[in-house]
Amino acid sequence: MAGGAAVVSEYRELRVDAFIEVDRVEKVFDVRRRTGFMKRERRQVRAVDSLSFTVARGEMVGYIGPNGAGKSTTVKMLTGILMPSAGRLRVAGIDPSRERTRLAHRIGVVFGQRTTLWWDLPLIDSYRLAHRIYRIPDARYRENLDRCVELLQLESLLDVPVRQLSLGQRMRGDIAAALLHDPEVLYLDEPTIGLDVVSKAKVRGFLRELNAERGTTVLLTTHDLQDIEQLCSRVMVIDHGRLVYDGPLAGLHEAGESERMLVVDLERELPPVRVASARVVRVEGPRQWLAFPAGQSAAPVVAQLAAEYPLVDLSVREPDIEAVIAKMYAEKAVS
Ligand SMILES: Nc1ncnc2c1ncn2[C@@H]1O[C@H](COP(=O)(O)OP(=O)(O)OP(=O)(O)O)[C@@H](O)[C@H]1O
């Protein structure tokens with residue numbers, strides 16, 4: 001990924017009004033492992049390595065990476081659950097690990113795999129508890145609850161014990177719980193995991209509206225790239241604890257050095273065509289597939305084809321974003 005480092009630093013310089021600041025942060029875990037009878041080995045795991053980024057107020061940023069890349073560790077440090085081994089973190093000007101309680105009033109967290117709701121109690125009771133714990137003014141609580149209930153379609157679920165809710169219903173319940181105290185920033189960890197298509201659409205629609213209306217800053221961790229495509233104009237990719245890409249989703253294609261495909265229909269079957277900066281990867285009767293670099297315009301390839309071959313039709317196919325990211329994950333971190 002040759003251009004990756006440049007992409008990371010260029011994008012970083014643009015962000016001046018930082019709401020979330022991560023500056024050369026590291027997190028090293030000491031792990032002890034049994035290696036035999038009475039024998040233990042001590043090992044260090046560098047979960048986050050010299051990580052720097054900023055997020056402006058009101059941004060919706062995707063935070064992605066392969067398993068074990070350091071995403072959860074980053075989010076845990078941003079909420080104050082974990083203390084960084086080195087570097088500086090600020091969220092809304094607050095040092096998370098030093099002032100965790102003060103920060104808790106300004107952030108909301110949703111972990112798709114776990115719930116913050118009271119399992120045996122009706123859903124509404126978890127909200128009443130949040131009302132007390134966060135000391136939310138009554139009118140504000142009522143307004144936020146009504147809004148979440150309406151947009152997340154929770155009306156018929158409020159009196160149902162949480163353990164009886166489906167995964168999608170529970171997830172919507174969790175998102176509401178994270179928002180009752182008006183957090184300025186929301187960390188979402190896999191908010192659509194295990195949800196059906198309809199529930200995913202509901203959750204995504206709600207998050208879009210929340211961001212547009214309230215300007216809530218959102219950091220979204222997900223393995224579902226459609227979440228990113230539909231919600232985030234910016235994406236950060238982390239691998240082995242380091243940032244390997246920070247920029248618009250569309251730029252991932254270039255950074256991943258992916259290829260676009262030109263599908264060409266000729267008048268008749270011909271041997272593979274020969275054009276500059278594209279190569280034929282498949283031939284099926286009069287149809288041929290030509291791969292060319294994603295960062296390059298299709299125009300010169302099309303012009304040469306039209307001038308030299310009996311062209312009937314053509315179309316350009318964009319690379320599959322999942323393939324681009326899989327390729328990025330397979331490469332070494334560059335930042
Ligand atoms: N409490 C801990 N003690 C020791 N090692 C840990 C601890 N928490 C995380 N790690 C290690 O740190 C690395 C990063 O883990 P992390 O959970 O942040 O990754 P992730 O990107 O969130 O992965 P996933 O997508 O699987 O949730 C992994 O190697 C993990 O094993």
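1. Helices (H or I, at least four residues) and strands (E, at least two) are DSSP runs, numbered from the N terminus. By this assignment the protein chain holds eleven helices and 13 strands. The model is a predicted one: local features need pLDDT of at least 70, side-chain atom pairs count only at pLDDT 80 or more, and totals for chains, interfaces and linings use all residues. Residue numbers start from 1 along each chain as its sequence is written.

2. Burial is judged by counting C-beta atoms, placed from the backbone: a residue is buried if 20 or more others lie within 10 Å of its own, exposed if 12 or fewer, and partly exposed in between. On this basis 39% of the 335 residues of the protein chain count as buried. Two residues are in contact if their C-beta atoms, placed from the backbone, lie within 7 Å. Among contacts in the protein chain with a separation of 6 or more, 71% join residues 24 or more positions apart.

3. The next point concerns the interior. A nonpolar core is a set of buried Ala, Val, Leu, Ile, Met, Phe, Trp, Tyr and Cys residues joined through C-beta atoms within 7 Å. The largest such core has 65 residues, and V61, I175, A176, L180, L220 and M236 have the most contacts inside it. Helix α6 provides the largest share of this core, six residues. A second core, separate and made of nine residues, includes M261, L262, V264 and L290. Leaving out residues up to four places away in sequence, V61 touches V55, L219, L220, C232, R234 and M236.

4. Eleven of the 13 residues of α6 are buried, so the helix is mostly covered. Among the buried residues are Q169, R170, D174 and I175. The partners against which the buried residues of α6 pack are β5 (107–111), α4 (123–133), α5 (138–151), β6 (185–189) and α7 (197–214).

5. Which residues of α4 are buried? They are L123, S126, Y127 and A130. Seen down the axis of α4, these residues fall within an arc of 100 degrees (the arc of the directions from the helix axis to the C-beta atoms), so they line one face of the helix. An α-helix has 3.6 residues a turn, so residues three or four places apart point the same way. The buried residues of α4 pack against α5 and α6.

6. S126 is found in helix α4 and counts as buried because it has 21 C-beta neighbours inside 10 Å. Apart from residues up to four places away in sequence, S126 touches L117, W118, L121, V162 and A177. S126 and L249 are 123 residues apart in sequence, and their C-alpha atoms are 37 Å apart in space.

7. Most residues other than glycine have a negative phi, and most peptide bonds are trans. R135, in the loop between α4 and α5, has a positive phi near 50 degrees and is not a glycine. E190, in the loop between β6 and α7, also is not a glycine and has a positive phi of about 55 degrees. R135 is exposed, with 9 other C-beta atoms within 10 Å, whereas E190 is buried, with 20.

8. The residues around the ligand are F29, V31, V45, A47, G65, N67, G68, A69, G70, K71, S72 and T73. At least two residues of this shell come from each of β1 (18–36), β2 (39–56) and α2 (71–79), and α2 gives the most, with three. The shell divides into five nonpolar, six polar and one charged residue. Here Ala, Val, Leu, Ile, Met, Phe, Trp, Tyr, Cys and Pro count as nonpolar, Asp, Glu, Lys and Arg as charged, and the others, Gly among them, as polar.

9. V312 lies in strand β13 (residues 311–317). With 12 other C-beta atoms within 10 Å, V312 is exposed. Its contacts, neighbours within four places in sequence set aside, are with D265, L266 and E267. V312 and L290 are 22 residues apart in sequence and 15 Å apart in space, C-alpha to C-alpha.

Technical notes: A residue is near a molecule or strand if its C-beta atom, placed from the backbone, lies within 6 Å of it.
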